[in-house]
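Subject: Structure handover

Hi,

Here is the structure I promised you. Please open it and keep it beside you as you read my notes.

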Amino acid sequence: MAILLLNLQGMSCAACAAAVERALTQAPGVTACSVNFGLEQASVTYQPDQTNPPALQEAVHKAGYRAFPVEDWSSLDPGAVDPQRQHQVRSLQRQVLIGGILSSIVVIGSLPMMLGLHIPGFPMVLHHPLLQLMLTTPVQFWCGQSFYRGAWKALKRRSSDMNTLVTLGTSTAFFYSLFPTFWPAGFQSHGLTTGVYYETAAVVITLILLGRLLEQRARGQTSEAIRKLMGLQAKTARVVRRGQIVDVPIAAVKVGDTVVVRPGEKVPVDGVITEGSATLEESMVTGESLPVQKGVGDAVIGATLNKTGGFQFEVTQVGKETVLAQIIHLVNQAQTSKAPLQRLADRVIAVFVPIVLIIALVTFCVWFFVADNLPLALTNTVGVLVIACPCALGLATPTSIIVGTGKGAEQGILIKDAASLELAYQVQTIVLDKTGTLTQGRPQVNHFVTVNGSAQGHELKLLRLVAAIEARSEHPLADALVTYAQRQGIEALPQVTGFGAVPGCGVWGEVSDRRLQIGTGAWFQELGWSLQCHTPTGQDFDSLAQSWEQDQQTVVWIAVDGVVEGLAAIADALKPKAAEQIAQLQRLGLRVVMLSGDNRSTAEAIARSVGISEVIAPVRPDQKAAVIQDLQHQAQGSQRVAMVGDGINDAPALAQADVGIAIGTGTDIAMAASDITLISGDLGGIQAAIALSRATVANIRQNLFFAFIYNVLGIPIAAGILYPVFGWTLNPMLAGAAMAFSSVSVVTNALRLKGARV
């Protein structure tokens, strides 16, 4: 599968977005498609052996719109202006200006008729129908040309959209006015008024165009987060070439290059420090406010700021492979996705315009044939057609998603798609993996004892064999044992002739004609081995293990040729604010559960220290997904379960959970399987993600309410439902203004999310 992101042009309402989505979905080889009306973009998943980008562009073109593939985000200039969008805005500005001038003159000329008054000294030439026709014609057919084009496209698709409504409404007023203009006697002979409605057509078109212009500007602010992220990237890098330091453009930096970073400069790309040390400000990427101390061997992220110190690093990722480029890609992917709440709006939009056309026809028939009032039938019908635009409904969800995911990225919270953002607010149970989530993920060996003690180098001999085996493992505890061996002066390791791992139990290997097994006491008991052994000083291994476990340390047993010969205690320090952040989650009413592969006593000791009362332990990696499934079944669908983890063995559980939250300091596999990624690895990001979800969903609901209530109330009033009782009717010009500003109000409400506290 391949994913193509397309910039779209020519869409004027949510019905247009639905038409583009339908055209792309029906194209051969397309497996999924999502069109975002707010961003004017489409995300298309397709099979490369069946179709290609030019064919997908052609499918959009046949539907009456234009599509252009989005370039690699990492190479885009954030300050560059899209020429097509700039042309569109300038065209709208000209049309609004000219339409506003001509419409104002027409409205002034229509005042005597509209007010039903004789105005002394009024220049009656402005009221002459022929002059009003001359002034209105450019507005109707030049300023309003986009409506006619859109309506024609919809007609060719055998559908209808906002352009259909506006075209029918304004054309009805315009062409009706031609008859009393050129055949006033005939109208009078049939007892009809000779009043004209040119001002209605001109003002409605001008106001709707003004609304589009304001909407374009407001929508430009919703994707501000993407531009900010793109603007973080450095423009040049100081690269060592042939022994000399030269400044080169970012695009010229290659993997393996050595880059020099001085104090106050940005890190240009991703890499690993090879010389020197520094304090880096990473808040712009990770959301972490405190500077981070980095030294040789530590990874650095492109776009972060070097506050103090100088260093050199080896480039490991460039272009679209850098962390920043991937963040931008994920944010854009989330912004083009659809939230489940949008399905309701999509279903309404699919039938909305045809229903409005039926309502408009009924309105005309009632007022013309039943009430015998042609002027009222005309104005009410035009009012219904004009006020019923579904644009606000189409913008209600995507604009909130765009702003919400953008704000999340600024806080170091990456959200995979809109559905994940919407689901997070429903989470009631949070399951936390211990290692790397509650703890710092950098375990250290605190104790290492053997049955033969340290005399005659027995301890170092065993440690050397253990390090040789553990060097083959990727487990954090294995890394701790290898590091401990290095600190004891052990460097050259013997060759391992066999190696294997038993998930959740330990590892085994053959080295120096000895078979070593390193793992949990429970595993050794399953193998039938005795744990009753002592140190030369008489310390009992089993008692030592229990006391270490009560002290929140993980115990590792070591056997050689089936006989226990060593014991190690490894501790992984808790994250500094873990207890405080767990308490904050509990204050939100969340049930917090800790999941651990440690034995139960160690796991419970760690849980108590951070205030967690529910512990599930010991759990093997292959059992974690089943544990999540059990918690989901306990709730019987009434609760959403979130899993927070950082390791490869967490990936199945992250995928099983309703919302998978990956700690960004963990593995790529865990992040790929998750719905939300916390780049900084700070547990406070969990609360922030849930708060952001709640704020975004609340904002979406507000927008949907405004959009629905606007149409539910506006259409009956425009149809004249209040006229028989109160004598009130809705002037089509007011209907046009209301419709134009409804979309602006929805986008403006979505922009309030930028100030939400998360």
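First, a term: rings of Phe, Tyr and Trp (its six-membered ring) count as a pair if their centres lie within 6.5 Å. Note too that this is a predicted model.

**Aromatic pairs.** The structure holds 15 aromatic pairs. Take tryptophan 367 and tyrosine 723: their ring centres are 5.6 Å apart and their planes sit at 85 degrees, so this pair is edge-to-face. Tryptophan 367 lies in helix α12 and tyrosine 723 in helix α27, so the pair ties together parts 356 residues apart in sequence. Tryptophan 367 is buried, at 10% relative accessibility. Tyrosine 723 is partly exposed, at 32%.

Now phenylalanine 448 and tyrosine 484. Their ring centres are 6.1 Å apart with planes at 35 degrees, so the pair is tilted. It links strand β16 to helix α18. Phenylalanine 448 is buried at 6%, and tyrosine 484 is buried at 16%.

There is also an aromatic cluster: Phe141, Tyr148, Phe174, Phe175 and Tyr198.

**Helix α18.** This helix covers residues 476–487. Its twelve residues should span 16 Å, and its end C-alpha atoms are 17 Å apart, which agrees. Its buried residues include Ala478, Leu481 and Val482. Among the elements covering them are β16, α17 and β21. Just after α18, glycine 489 has a positive phi of about 90 degrees.

**Surface patch.** Which residues make the nonpolar surface patch of about 640 Å²? They are Phe705, Phe706, Ile709, Val712, Leu713, Ile717 and Ile721. Valine 712 belongs to helix α26 and counts as exposed, at 52% relative accessibility.

Best wishes

Methods: Residues are numbered from 1 along each chain as its sequence is written. This is a predicted model: local features need pLDDT of at least 70, side-chain atom pairs count only at pLDDT 80 or more; totals for chains, interfaces and linings use all residues. Side-chain values use heavy atoms; hydrogens and water are left out. Patches are made of residues with over 30% relative accessible area and no salt bridge: like charges are joined within 9 Å, nonpolar side chains (Val, Leu, Ile, Met, Phe, Trp, Tyr) within 5 Å. Accessible areas come from the Shrake-Rupley method with a 1.4 Å probe; for residues, only the protein chains shown count as cover. A salt bridge is a side-chain nitrogen of Lys or Arg within 4 Å of a carboxyl oxygen of Asp or Glu. Helices (H or I, at least four residues) and strands (E, at least two) are DSSP runs, numbered from the N terminus. Buried means under 20% relative accessible area, exposed over 50%, partly exposed in between (1.4 Å probe, protein chains only). The expected span of a helix is 1.5 Å times one less than its number of residues. Contact means heavy atoms within 4.5 Å. Rings of Phe, Tyr and Trp (its six-membered ring) pair if their centres lie within 6.5 Å; planes under 30 degrees apart count as stacked, over 60 as edge-to-face and the rest as tilted.
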